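Please look over the sequence and the structure shown here before reading the briefing that follows.

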Amino acid sequence: MPPGEPLLRPDWIVQNLDVIGERLAEHLGMTATAVAVGFLISFVLALLIRQRRTLTAAVMGTAGILYAIPSLALFAFLIPFTGISFLTAEIALVSYTLLILVRNILLGLDSVPGDVLEAANGMGYTTRQRLWRVELPIALPIIVAGLRIATVTTVGLVTVTSLIGQGGLGYLIVVVGINGFFPTATYVGAFLSVALAVAADTLLLAIQRRLTPWSRARGATT
Amino acid sequence: MTTAGPDDPPSVAALRTATPMTSTTSASSTSGAVVELDHVTKRYGPPGTAPAVNELSLTIPAGEICVLVGPSGCGKTTTMKMINRLVEPTSGRLTIDGRDVLQIPPVELRRGIGYVIQQVGLFPHMTVGANTAVVPRLLRWPEARIRARVDELLDLVGLDPAAYRDRYPSELSGGERQRVGVARALAADPPVMLMDEPFGAVDPIRRDRLQNEFLRLQARVRKTIVFVTHDVDEAIKMADRIAILQRGGILAQYDTPDAILAHPANDFVERFVGADRGLKRLSLARVRDLELIKPVVVTAGADQTGATGDLHASSVDYALLVDGGGRPLGWIRQGDLHGQGPINAEQATPGASLLEPETTLRDALSAMLASSVQLGVVVDARERVLGLISVDQISEVLQSGQLPVRADAAG
């Protein structure tokens with residue numbers, strides 16, 4: 001840091017609102033893409049596991065290994081194939097969502113009580129109707145809990161992708177702030193990244209509450 | 001719970017149903033269908049292993065309650081589940097009104113058969129209304145028809161549609177859930193209902209009320225009901241016919257409750273129904289089958305003089321004290337009356353056993369023996385006094401070995 005450089009320059013922030021906004025939007029887009037793609041893959045994997053429980057160990061083991069690989073190492077492995085690109089960043093980000101999402105989708109589906117499944121079969125639901133109309137709605141709170149963890153984690157991880165030329169707010173934190181000896185950018189990036197994580201988490205919780213009014217209805221006199 | 005629900009604790013006696021079925025809408029037009037099992041066998045293991053159900057043949061007449069009863073491992077639930085193909089038989093034929101159920105696609109078959117299980121299995125994410133509407137929705141009824149049907153059904157099972165329609169199962173008591181379960185099973189007016197220990201998870205007092213209520217409901221809808229229980233008392237109370245199964249899915253006896261109690265087919269049946277067969281037969285007659293004794297009724301606050309005279313002239317030793325609305329408060333003995341002045345409630349011996357016409361003689365006997373005065377007050381759905389019965393009347397039945405002639409069950 002050059003001598004005399006203050007920790008925060010409000011005038012810089014005001015003058016660079018457009019750049020900050022762009023990076024925030026990029027961060028949001030990368031997060032949303034990773035979580036959405038990760039969810040789709042996880043959903044398919046979870047359904048496969050439910051069809052064939054013997055796949056559990058293989059799928060969860062692979063997801064666990066992916067989760068354990070350091071992100072820098074993963075970039076290094078991927079760059080020979082996909083280059084220094086958005087795709088490389090997203091592959092890494094998606095990989096990190098799988099373990100949490102597959103696990104929570106399975107936990108959610110397994111949380112559906114046996115008597116509810118038996119009643120659903122006895123009423124004449126087809127397997128598909130049962131999944132969409134009974135099992136998934138009941139599993140929703142646990143699935144959304146998984147989505148919230150995955151989202152918050154991904155918001156944090158996106159900053160790391162600045163090392164391969166992506167990064168959203170990570171660009172402000174690392175490239176402008178750290179590499180450029182300019183603490184204001186680091187602070188702005190870090191603050192917005194945290195704010196984005198909190199906002200996304202709150203929004204998902206609100207959506208879940210809205211979709212599952214029954215999960216809060218209590219007051220039984222059993 | 002804010003409104004006075006049907007599961008509030010019973011007040012004077014446990015044997016009355018708190019919520020009478022006051023519905024005026026006509027229930028259902030479809031009466032039951034004949035269900036026939038012809039040499040049905042279910043074997044879970046490979047050929048040669050012991051079957052769960054063995055060469056079982058049963059004909060269940062339309063509109064009757066057939067109770068499958070037996071010890072655990074007797075295959076009663078397996079038998080029931082073969083009727084809607086939740087379990088596929090290994091061999092044999094099952095028909096409903098002559099149609100071979102194995103020729104009907106399972107999903108279609110199940111939508112046409114009511115299904116009630118012990119844990120109820122209400123869908124927690126759906127309101128009471130949506131739970132009740134499940135099968136009509138699967139059958140793609142128009143929404144207006146579904147709405148009308150839901151209200152009709154909730155009314156039928158004694159739940160006020162306006163108060164219950166939009167509640168979630170987690171907001172209901174066990175008894176209320178069970179009623180919703182029954183409403184849901186009846187939704188598409190199926191000719192056949194399968195009920196797997198439907199009242200097993202409810203406490204004994206509520207179970208008794210739900211059973212009475214269900215019998216009244218059945219008197220109106222006349223479905224063919226296959227009812228599974230391990231409780232021989234429940235079987236005797238609910239059944240038109242009982243199939244007693246023994247381990248390995250072998251049919252030990254299939255007959256009316258009275259015939260089974262009077263003439264058990266073998267040692268197994270005799271042991272299974274228990275040593276108190278005579279007492280159990282009392283479950284087969286109901287209070288309405290007895291000739292009611294005319295009570296001496298005195299109203300709280302009325303003058304004592306008239307009551308003294310009435311009690312003198314009557315054959316009973318106790319006058320029944322009622323409140324201004326005609327609801328029983330307790331008993332007054334000759335000695336409790338002190339000549340003049342208004343009668344007040346403190347003079348009475350509290351604890352009149354309230355019985356309904358549908359109460360079994362066995363339950364009536366227990367209730368009367370448990371109260372200080374060995375008389376029971378028979379009341380109608382609005383708690384108006386219809387008459388009295390005495391312990392002596394029931395012991396006469398026991399001594400004669402003849403059950404009183406059953407009045408028309410349609411009431």
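In which strand of chain B does B:H39 lie? B:H39 sits in strand β1 (residues 35–42) of chain B, where helices (H or I, at least four residues) and strands (E, at least two) are DSSP runs numbered from the N terminus. This is a predicted model, in which local features need pLDDT of at least 70 and side-chain atom pairs count only at pLDDT 80 or more, while totals for chains, interfaces and linings use all residues. Residues are numbered from 1 along each chain as its sequence is written, and chains are lettered from A and ligands numbered from 1 in the order in which they are written.

- B:H39 has a positive phi of about 45° although it is not a glycine, and with 12 C-beta neighbours inside 10 Å it counts as exposed.
- For these labels, a residue is buried if 20 or more other C-beta atoms lie within 10 Å of its own, exposed if 12 or fewer, and partly exposed in between, with C-beta atoms placed from the backbone.
- A:F181, which is not a glycine either, has a positive phi of about 50°; A:F181 is found in the loop between α8 and α9 of chain A and is exposed, with 12 other C-beta atoms within 10 Å.
- As background, most residues other than glycine have a negative phi.

**Chain B as a whole**

- Chain B contains 15 helices and 17 strands, and its radius of gyration of 24 Å is close to the 22 Å that the globule rule gives for 411 residues, so chain B is as compact as a globular protein of that length.
- That radius is taken over C-alpha atoms, and the globule rule is 2.2 Å times the number of residues to the power 0.38.
- Along the principal axes, the C-alpha atoms of chain B fill a box of roughly 80 × 55 × 30 Å, and buried residues make up 47% of the 411 residues.
- Among contacts in chain B between residues at least 6 apart in sequence, 67% join residues at least 24 apart; two residues are in contact if their C-beta atoms, placed from the backbone, lie within 7 Å.

**Domains of chain B**

- Chain B is divided into domain 1 (35–281) and domain 2 (288–400), with bounds that come from an automatic or database domain assignment, and the centres of the two domains, taken over C-alpha atoms, are separated by 38 Å.
- Eight residues of domain 1 of chain B are in contact with six residues of domain 2 of chain B, and on the domain 1 side the elements that give two or more residues are α8 (204–221) and α12 (277–281) of chain B.
- The most is given to that side by α8(B), with four residues.
- The residues of this domain 1 side divide into two nonpolar, two polar and four charged, where Ala, Val, Leu, Ile, Met, Phe, Trp, Tyr, Cys and Pro count as nonpolar, Asp, Glu, Lys and Arg as charged, and the others, Gly among them, as polar.

**Contact between the chains**

- The contact takes 21 residues from chain A and 24 residues from chain B, and on the side of chain A the elements giving two or more residues are α6 (114–123) and α7 (127–158) of chain A.
- The largest share of this chain A side, seven residues, comes from α6(A), and by class the side has 10 nonpolar, eight polar and three charged residues.

**Nonpolar core**

- The largest nonpolar core has 161 residues, and those with the most contacts inside it are A:V102, B:C66, B:V67 and B:V226; such a core is a set of buried Ala, Val, Leu, Ile, Met, Phe, Trp, Tyr and Cys residues joined through C-beta atoms within 7 Å.
- Helix α5 (residues 86–110) of chain A provides the largest share of this core, 12 residues.
- Leaving aside its neighbours within four places in sequence, B:V67 is in contact with B:F227, B:T229, B:A235, B:M238, B:A239 and B:I242.

- In helix α7 (residues 174–186) of chain B, 12 of the 13 residues are buried, so α7(B) is largely enclosed by the rest of the structure, and what covers the buried residues includes β6 (113–117), α5 (143–156) and α8 of chain B.
- The buried residues of α9(A) include A:V188, A:L192 and A:L196, and the buried residues of this helix pack against α1 (10–15), α2 (17–51), α7 and α8 (169–178) of chain A.
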